[in-house]
Number of protein chains: 2
Amino acid sequence: MSADGDALDEVTPELVQRIEDALADDRRDEVRSLLADMSAAGQADVLEQVSEAQRDALVDILKGDLDPEALTELDEEVLEDVLDQLDSKEIAAAAHELEADDAASILEELPEDERREVLAELPADERADIERALSYPEGSAGRMMQRSLVKVPQSWSVGRVIDYCREAGDLPDDVYDLFVIDRSGRLRGSVPLGRMLRSKRPVQILDIVDPDIPSVPVTADQAEVAHLFRDQNLVSCPVVDDKGRLVGVIMVDDVVDVIDEEAEEDLLKMGGVGIDDMHAGTVRTVRLRGVWLAVNLLTAVIASLVIGQFEDAIEKIVALAVLMPIVASMGGNAGTQTVTVAVRALAMGELTPANALRFIAKEFAVGGLNGILFALLMGGAVVAWYHDWRLGAVIGAAMICNLTAAALAGTLIPIGLQKFGVDPAVSSTVFLTTVTDVIGFLAFLGLATLFLL
Amino acid sequence: MSADGDALDEVTPELVQRIEDALADDRRDEVRSLLADMSAAGQADVLEQVSEAQRDALVDILKGDLDPEALTELDEEVLEDVLDQLDSKEIAAAAHELEADDAASILEELPEDERREVLAELPADERADIERALSYPEGSAGRMMQRSLVKVPQSWSVGRVIDYCREAGDLPDDVYDLFVIDRSGRLRGSVPLGRMLRSKRPVQILDIVDPDIPSVPVTADQAEVAHLFRDQNLVSCPVVDDKGRLVGVIMVDDVVDVIDEEAEEDLLKMGGVGIDDMHAGTVRTVRLRGVWLAVNLLTAVIASLVIGQFEDAIEKIVALAVLMPIVASMGGNAGTQTVTVAVRALAMGELTPANALRFIAKEFAVGGLNGILFALLMGGAVVAWYHDWRLGAVIGAAMICNLTAAALAGTLIPIGLQKFGVDPAVSSTVFLTTVTDVIGFLAFLGLATLFLL
């Protein structure tokens with residue numbers, strides 16, 4: 001090969017179409033030949049893009065030609081579906097090909113009894129590794145790490161290490177650092193392979209070791225691990241137990257998955273959907289989204305109750321009903337801007353107690369200034385529209401109230417939720433729109449009642 | 001060191017407070033000692049968390065103690081602010097310490113004339129490297145790649161490569177693969193360092209080379225590059241020119257930055273804010289967000305015009321004004337769920353022409369089913385509340401209309417925008433809420449006019 005730009009889009013819509021056509025006509029050999037030589041990521045892409053029935057047929061045709069790595073690339077809902085099509089022996093054969101951490105991430109999707117059956121099919125040492133990985137809590141460094149790494153005693157020389165690697169012959173291709181340990185197995189530092197390669201054989205390992213490398217405890221949360229990799233531009237990071245002993249290593253590609261997952265989670269949560277929404281079945285999606293819509297319905301009903309208090313005013317001045325959604329909607333939009341910035345800043349560790357006051361003050365100023373701006377704009381428009389300067393003044397004043405309230409709610413709600421251990425991405429917008437709807441209708445209809453009736 | 005879990009949060013709020021106190025009392029030596037030994041990421045964290053005035057004072061105190069790497073970690077707005085405090089010589093000194101790609105990413109923030117001054121301070125070869133990086137379009141593989149890499153002729157043996165690395169002595173610590181080229185400089189493949197280390201000296205490089213490695217053209221977009229790294233779990237990827245010649249290498253840590261940036265962009269755009277919002281000044285923020293709010297105001301006014309058509313109905317049945325925001329808001333929320341899933345799926349390449357119809361059909365079904373569900377719920381509540389079964393039937397029917405419309409708009413709008421080359425993350429929600437507000441008010445008030453008056 002040389003320049004292989006085509007790898008950038010291995011799975012084209014046309015290819016998926018050809019596979020679907022071949023499936024429809026039950027041309028099994030053609031399906032197999034289209035998928036067998038594909039990369040793991042490509043196979044996973046195809047499995048995610050076809051319908052559930054087509055997916056089942058595909059897995060049935062592929063079986064042994066399914067790259068075990070493809071399983072690790074699948075979204076959870078799709079993975080469960082594929083695993084349903086495989087028996088314990090087939091899943092065990094796949095797990096056997098994978099690193100223990102990847103195998104564990106697949107086996108955790110199985111029901112308890114089927115997982116036991118799969119584990120029973122595996123050699124004792126692999127079973128032990130996978131069970132150890134499964135013993136760490138989901139989303140912890142222990143679950144992310146792989147145990148295959150190269151550790152060398154601190155007393156060795158470069159030559160001895162190289163000879164050891166050549167003899168052992170089990171140095172994996174994706175090792176980038178050797179780890180140096182003391183006699184009790186505690187991590188003393190690391191040596192990048194490049195430095196090893198350019199050092200002369202008699203040099204002592206201790207003379208070229210980096211002693212100041214970051215490491216993470218086995219219990220660390222995956223978000224913290226991702227933060228560390230990001231900050232320090234790491235490619236791999238050793239994992240230590242509570243005694244400082246080296247137990248595994250986390251590689252950057254697993255961290256990329258975590259970063260993707262967390263970014264996706266925040267985006268989807270803010271939009272009121274769950275992480276597996278895209279691949280969940282219709283009924284399950286209806287249920288999951290329905291819960292969120294029900295919470296929002298409550299918000300809308302509260303807002304209606306507020307409006308209900310002003311039926312008299314609306315009956316007398318029907319223009320109030322025409323204009324009131326504008327005030328509420330502008331507050332909701334301005335508040336969403338603030339909440340979005342706050343949620344992202346909290347997730348990235350950029351909004352902390354050290355700068356929270358400054359952040360709130362800025363949002364308050366922005367909300368107030370935009371409030372004045374749109375008060376003038378909308379007030380002017382209403383005066384021109386209804387030839388009633390008092391109505392214009394009321395909508396302007398309500399706009400300022402609501403945009404200021406939106407700024408305060410948009411900062412205080414996510415910060416408060418985070419403080420009480422609630423994920424601000426999930427519930428901030430519901431609380432926010434409750435505030436902006438209630439304040440919006442209350443300010444506009446209340447001021448109208450006071451000054452226009 | 002051993003287990004250094006503390007590296008996980010180097011910059012605590014308490015530390016920022018101490019720095020701010022020291023700044024307030026002008027204890028410059030204390031400030032310097034607090035920051036000088038910090039990691040680059042730590043310094044960047046502090047610079048982002050203090051106020052603009054404090055930041056200027058900090059840069060003034062630090063100067064030479066500022067880690068050039070810290071500049072590469074700063075958000076754009078903060079970076080511009082810091083660069084304002086440094087003269088050309090100081091910026092050139094920092095650029096001198098950095099890889100050409102990182103230096104270019106900093107210099108691109110400078111105005112044309114100051115950039116020229118800085119470049120003039122640099123040695124000719126570094127200047128040429130940075131200028132070459134700047135010649136590639138922003139966001140391209142050419143801009144991301146670094147030029148320092150190790151390439152070896154395909155005719156060499158392992159021993160000769162090792163000797164070359166030892167003699168040249170310029171093998172950087174962060175090299176993980178050696179690249180093999182033919183006589184015209186074209187990429188022939190790569191050898192992971194680990195494999196090099198465990199191979200015996202007489203082995204020929206061509207016998208251990210991976211010929212089937214992915215590479216990217218120098219013009220590839222950074223989003224495509226990120227996609228490739230993600231799919232193939234790469235740590236580094238060679239970059240080739242249009243003749244297939246090796247010109248650079250992209251490392252995974254730069255890709256992590258891109259992934260972060262793109263995820264952040266999508267989240268912030270959906271929330272109606274720009275990427276640098278958090279660190280922009282108040283006035284700039286007011287202006288940027290104001291534009292978005294003005295667009296939304298237009299939407300709200302269109303909705304009001306619809307309501308205005310039904311003033312008679314509202315005057316006769318004021319309950320319509322009380323209930324109408326519920327229909328519009330439920331449509332908006334259901335539509336936002338659909339848009340969020342669609343935007344993310346489009347960004348990740350999971351929603352393609354191959355499965356678009358299936359995606360739309362599912363969303364339509366979900367919208368319809370949730371519409372029926374909430375029609376029953378809300379219709380029942382209205383009957384209980386107002387003792388008017390016809391009003392309940394009208395709100396129920398309007399709910400079904402609007403949630404179905406929301407599902408269609410929520411899928412068709414982002415897919416359509418993407419087709420016409422418009423970023424769906426930016427403008428989908430505005431179009432969506434226009435649809436759900438208009439359909440919501442129109443269906444509810446229209447049906448009420450037909451059946452209740």
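User: Before we look at the sheet, what makes two strands count as a pair?

Analyst: Two strands pair if DSSP finds at least two bridges between them. Keep in mind that this is a predicted model. Here, three strands of chain A make an open sheet, ordered S4-S5-S6, with mixed pairing.

User: Which strands stand at the edges, and why is one side of each left without a neighbour?

Analyst: Look at how many partners a strand has. In chain A, S4 (216-217) and S6 (246-251) are the edge strands; each has a single partner strand, so one of its sides has no neighbour in the sheet.

User: How many bridges join S4(A) to S5, and do the strands run parallel or antiparallel?

Analyst: There are two bridges between S4(A) and S5 of chain A (residues 236-240), and these strands run parallel. To find the spot on your screen, go to A:Val216, which sits opposite A:Val239 in S5(A).

User: Which helix packs on that sheet?

Analyst: That's H16 of chain A, residues 252-270, which touches both S5 and S6 of chain A. The direction of H16 makes about 60° with that of S6(A).

User: Now a helix pair. At what angle do H7 and H9 of chain A pack?

Analyst: For two helices, look at the angle, the distance between axes and the handedness. H7 (residues 88-97) and H9 (residues 112-121) of chain A pack at about 60°, and their axes are 8 Å apart. H7(A) and H9(A) are therefore oblique to each other, and H7(A) passes H9(A) in a right-handed crossing.

User: Which residues meet there?

Analyst: From H7(A) you have A:Ser88, A:Lys89, A:Ile91, A:Ala92 and A:Ala95; they meet A:Glu114, A:Glu117, A:Val118 and A:Glu121 of H9(A). By class, the residues of this contact are four nonpolar, one polar and four charged.

User: Why do we say the copies meet through the same surface?

Analyst: Compare the residues each copy uses. Of the interface residues of chain A, 99% are also interface residues in chain B, so the copies meet through the same surface.

Terms used
Residues numbered from 1 in each chain as written. Chains lettered and ligands numbered in written order. Predicted model: local features only at pLDDT ≥ 70, side-chain atom pairs only at ≥ 80, totals over all residues. Helix = DSSP H or I, 4+ residues; strand = E, 2+ residues; numbered from the N terminus. Contact = placed C-beta atoms within 7 Å. Axes fitted to C-alpha atoms, helices over the stretch in contact; angles between N-to-C directions. Parallel < 35°, antiparallel > 145°, perpendicular 65-115°, else oblique. Left-handed = near helix turned anticlockwise from the far one by under 90°. Nonpolar A, V, L, I, M, F, W, Y, C, P; charged D, E, K, R; others polar.
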